[in-house]
Every structure is written in structure tokens, then in C-alpha cells.
Amino acid sequence: MQENLKESDTVLDIIKKRRSVRRFDGAEIPHEAIEQILEAGRWAPSGANAQPWRFIVVTEKENLKSIAECCYYKVFKSRHVGEASTVVVICADPDAGSQTYILDAAIAGTNMTLMATSLGIGSCWIGAFEEQTLKKMLCIPENLKIIALIALGYEVGKTSVPPRLPLSSIVHYETYEYKNEPDLITKKKSSGPFSVFGKLLRVLFNRR
Ligand SMILES: Cc1cc2nc3c(=O)[nH]c(=O)nc-3n(C[C@H](O)[C@H](O)[C@H](O)COP(=O)(O)O)c2cc1C
């Protein structure tokens, strides 16, 4: 029990420690660390275990700069992509057998950013990019979809922590809107066509 408690503390610590890092020092990330990050992605859960993700690892400086040119939202450019040491382009194959291929690939990305954090490597999700241009540039087959890019590198300075909403404003227990009926769900369950038969059985066996 004590051991489990320690482990869960560590998971939450890493989750809270992960930041979107936008200033990198350009130092190379050891290949073993990249492999560990990819391994964390590989072990993500996926619908029907279809594992629809495909990862493209980009490390060449010139290629990183070209990719950065395709990463912007309106006038906001993600210049940090060009300063990253490595970019992992997360693609998903819609025909791999999972209806949830976008979610699956996003979970793989989450695993990878958490693994990077635990290795002392900064990361940043990039969701704003010109998909078609990137696809051509990286020779990605037409049927694949680019889900996101993960920029990786060693952080310069310290990124401030963006606030999170308190649990009290995002969590709803039992139903979204509060109804003063504690057995609302039980009542709903017993309103089906077999409810009379169910009630009879409960009376016979003295169950609620
Ligand atoms: C799906 C997704 C797409 C994102 N796209 C971008 C992006 O294009 N450029 C960027 O600089 N940050 C991007 N971010 C990072 C968010 O801005 C960041 O997660 C958010 O501000 C919270 O900060 P934190 O990650 O440090 O907790 C993205 C994050 C997610 C999850």
C-alpha cells in the first residue's frame, strides 16, 4: 500500500510538472531518450488495440526549420518548433481498425510528453499546422491524418504554470445538473419493459 501511494504521487508529480516548453537550448537529445519517449507512445491504449498511430521522428536542423514554417495559427507562428532538437509528428491511420484513431493517437502523444518530462526533456504539443504541406514535405501517405506534432528539447529558463480550473467547477457527480433525487439512476433503470417482472422478483426475494 505504502509503495502504491508513492507510485501514484510520482505519476501526479510528473503530470503537474509537464509544461508546454517554447524555449529550447538546441542541445541534441540522446537517441536512447528518444527511444524511451517513443516506447511510452507505443504502450498507449487504443480502440480495439488497433494501434493506429505512426510516428515520424525529425532531427535534421534544416527539416525542423521547414516544419516550423508550416506551424502557425493566424498570425501566431510556433517558432519554437524550429528551435526544438527533435519533432515527433504523430499521424494516425483511419483504416487501422479503430473508430477512435484520433483519440488513440492523442493518448500516445500524452504518454510521450509525460515520458519526456520524466527524462528532464521539455515538450510542446503543436496542433496548428498546414497538414497538406507537411504531408508532402514528409512523404506521408494520403490516407494518414496528422494528429499533432510534439516539439522536444532542453528547456531554457523556466516556463510559468498556466492555471487550471478548480475541480468544483468541472466535476459533476452522478448527473450533470443537480436533482434532489438520490435514487434517480435506480429509478431510470427500473422503468424499462421488464420492470414489472423485476419488481415482482424483488418483492418475492425481499430485495429493494
Ligand atoms: C492539442 C493541443 C494543441 C496545441 N497546439 C499548440 C500550438 O500549436 N502551439 C503552441 O505553442 N502550443 C500549443 N499547445 C499547448 C497549449 O497552449 C498548452 O498546453 C496550454 O496553454 C496549457 O499549458 P501547459 O501545457 O504548460 O499546461 C497545444 C496543446 C494541445 C493539447
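Contact here means heavy atoms within 4.5 Å. The structure is a predicted model, in which local features need pLDDT of at least 70 and side-chain atom pairs count only at pLDDT 80 or more, whereas totals for chains, interfaces and linings use all residues. Residues are numbered from 1 along each chain as its sequence is written, and side-chain values use heavy atoms, with hydrogens and water left out.

**Figure 1. Overview of the chain.** The secondary structure comprises nine helices and six strands; helices (H or I, at least four residues) and strands (E, at least two) are DSSP runs, numbered from the N terminus. Of the 208 residues, 33% are buried, a class defined by under 20% relative accessible area, with exposed meaning over 50% and partly exposed in between (1.4 Å probe, protein chains only). The chain has an accessible surface of about 14,300 Å², and carbon and sulfur atoms account for 58% of this surface. Such areas come from the Shrake-Rupley method with a 1.4 Å probe; for residues, only the protein chains shown count as cover. Among contacts between residues at least 6 apart in sequence, 75% join residues at least 24 apart.

Figure 2. Leaving aside neighbours within four places in sequence, T86 is in contact with I29, I34, V57, V58, T59, L64, I150, A151 and L152.

**Figure 3. The buried side of helix α3 (residues 61–69).** L64, I67 and A68 are the buried residues in this view. They lie on the same side of α3 because they cover an arc of only 100 degrees around the axis, the arc being that of the directions from the helix axis to the C-beta atoms. In general, an α-helix has 3.6 residues a turn, so residues three or four places apart point the same way. The cover over the buried residues of α3 includes β1 (53–58), α4 (80–83), β4 (86–92), α6 (131–137) and β6 (145–153).

**Figure 4. N and O atoms facing the ligand.** An N or O atom in the side chain of R164 is 2.7 Å from an oxygen atom of the ligand. A nitrogen atom of the ligand lies 2.9 Å from a backbone N or O atom of G127, and a polar backbone atom of W125 is 3.3 Å from a nitrogen atom of the ligand. The protein covers 64% of the 630 Å² of accessible area that the ligand has on its own.

**Figure 5. L114 in helix α5 (residues 101–118).** Apart from neighbours within four places in sequence, L114 is in contact with I14, I15 and R18. L114 and K16 are 98 residues apart in sequence, and their C-alpha atoms are 9.5 Å apart in space.

**Figure 6. Positive phi values at A48 and K74.** A48, in the loop between α2 (31–42) and β1, has a phi near 55 degrees. A48 counts as exposed because its relative accessibility is 71%. K74 lies in the loop between β2 (72–73) and β3 (76–77), with a phi near 50 degrees. K74 is exposed, with a relative accessible area of 65%.

Notes: A polar contact is a pair of N or O atoms within 3.5 Å; within protein, one must be able to donate a hydrogen and the other to accept it, and residues adjacent in sequence count only if both atoms are side-chain atoms.
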